[in-house]
Amino acid sequence: MPADPRLPTKLRSLVDQLGPILALVGVWSLFAAMRWDIFPTWENTQSILLQTAVIGVAALGGTMVIISGGIDLSVGSLIALVSVVVALVLRRLLGGEDGSAAVGVYTASTLAAVAGVAVAAACGLGIGTMVIGRIGRVAAIVAGALVGVAAWSYGLDHRAAILLAVVVAAVAFWGESELKLSIALTPFIVTLGMWGALRGAAKGLADNSAVYPPPTPLNNFMRFPSAAIDASLILRPHQWWSPGVWIFLILAVAIAGVLRYTQFGRHLYAIGSNEQTARLCGINVERTKLKLYAFAAVLTGVAGVLQFSFVEVGDPTTAQGYELAVIAAAVIGGASLSGGVGTILGTVAGALLMSTINNGCTKIGLEVWMQEIVTGAIIVTAVALDKLRHRAVQ
């Protein structure tokens with residue numbers, strides 16, 4: 001609940017920050033009381049953390065976008081696209097069923113993860129470019145790619161086709177820069193369009209089916225640790241959880257530091273609070289937004305690699321509805337859809353709360369359709385609380 005505006009400012013801020021954590025403790029206690037035999041166990045706690053890792057990493061970027069006053073509806077589709085890219089790269093490098101491999105499994109895993117994150121970063125740059133109004137630059141790159149693909153399809157050597165694509169894209173890019181065509185689009189419209197486009201690209205790359213690569217070390221990122229549970233586990237903290245959970249926690253600390261201690265983080269809060277005032281204060285709003293959407297997409301790319309590790313397959317239909325879960329995690333954690341407000345600690349608590357509710361509903365025997373209703377109700381409630389909070393501040 002938003003804090004009473006009549007409370008002193010520091011106390012109200014403390015209540016706002018602790019609210020998501022108190023809600024998490026309350027929900028966890030409720031499910032623990034209902035199913036004490038299976039809910040508060042070490043194995044179930046690890047399961048909740050694994051369920052949180054993918055959404056949590058994507059929510060870190062989503063929180064930064066919301067703080068700036070924007071929104072990203074393409075998260076789920078981008079995660080699916082990254083999982084397909086990772087699977088295709090692995091299958092290409094490791095040779096698939098015939099057992100031939102161009103490189104070792106560790107090198108292939110690294111290259112596949114880098115390729116997935118790089119594709120996500122490129123998509124983020126495209127989104128950011130359209131948000132700041134330079135849609136012509138995206139059109140120039142797309143035109144170059146289409147010309148290159150068409151030339152290659154008609155028999156041109158692939159090196160000549162790539163060179164032709166680069167030349168066409170460069171000329172179109174230069175022409176757009178000279179004409180200074182600027183068509184600003186809202187983040188909602190841009191990411192809604194990318195939501196469909198990226199999902200379609202994932203299905204096209206995967207030929208409308210799941211891509212099954214050979215097993216690699218990437219598959220171990222989202223598995224339960226095999227360490228024995230005893231007193232000596234205290235001295236082996238790296239074996240408490242799977243690598244994916246540690247990646248989530250380390251990234252959360254890093255992004256919290258970026259928001260609190262860097263100029264880039266302060267600019268995001270300033271832009272989200274009042275974009276025009278931020279512009280008058282000398283902040284390069286367009287450049288900051290371009291960096292933001294690329295950075296957020298990189299985090300979504302990491303979430304896509306974790307999702308691939310979780311399902312161990314490149315699935316173009318995976319991560320359906322993750323965009324809403326990311327928004328819900330950020331808003332439940334205290335981020336305002338009006339911009340200018342939000343913390344990473346709150347987002348981590350919000351993501352854990354979502355996973356705890358889903359896990360708890362399963363443990364008490366609720367069917368999937370009822371869980372979906374509960375999740376939808378949580379999202380609506382979170383948005384309503386955000387509106388109440390915004391009204392209280394005004």
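This is a predicted model: local features need pLDDT of at least 70, side-chain atom pairs count only at pLDDT 80 or more; totals for chains, interfaces and linings use all residues.

Colleague: How many cavities of 30 Å³ or more does the structure hold?

Modeller: Residues are numbered from 1 along each chain as its sequence is written, and side-chain values use heavy atoms, with hydrogens and water left out. On a 1 Å grid over the protein atoms alone, a cavity is a set of points where a 1.4 Å probe fits but cannot get out. Counting those of 30 Å³ or more, the structure holds 2.

Colleague: Which element gives the largest share of the lining of the largest cavity?

Modeller: That cavity, with about 50 Å³ of space, is lined (an atom within 4 Å of a point) by D72, S74, L78, G124, I127, Y293, A296, A297 and T300. The largest share, 4 residues, comes from α11.

Colleague: Which element gives the most to the lining of the second largest cavity?

Modeller: About 30 Å³ of space lies in this one, and its lining is G62, V65, I66, I71, D72, V326 and I327. At least two lining residues each come from α2 (42-67) and α12 (322-332). With 3 residues, the most comes from α2.

Colleague: How do α4 and α5 pack, oblique or roughly parallel?

Modeller: The meeting residues are G126, T129 and M130 in α4 and I135, R137 and V138 in α5. Helix α5 (residues 135-153) packs with α4 at about 140 degrees, their axes 7 Å apart. Angles under 35 degrees count as roughly parallel, over 145 as roughly antiparallel, 65 to 115 as roughly perpendicular and the rest as oblique, so α4 to α5 is oblique.

Colleague: How far apart in space are V348 and G56, C-alpha to C-alpha?

Modeller: V348 lies in helix α13 (residues 344-363) and, at 16% relative accessibility, counts as buried. Although V348 and G56 are 292 residues apart in sequence, their C-alpha separation in space is 6.4 Å.

Colleague: Which element gives the most to the lining of the largest pocket?

Modeller: A pocket is an open set with protein on both sides within 12 Å along at least five of seven lines, and the largest has about 690 Å³ of space. Of the 23 residues lining it, I55, Q320, Y322, A325 and N358 lie nearest its centre. At least two lining residues each come from α2, α11, α12, α13 and α14 (368-393). With 6 residues, the most comes from α14.

Terms used: Grid points are joined across faces, edges and corners, and a volume is the space filled by probe spheres set on the points. Axes are lines fitted to C-alpha atoms, for helices over the stretch in contact, and angles run from 0 to 180 degrees between N-to-C directions. Contact means heavy atoms within 4.5 Å. Buried means under 20% relative accessible area, exposed over 50%, partly exposed in between (1.4 Å probe, protein chains only).
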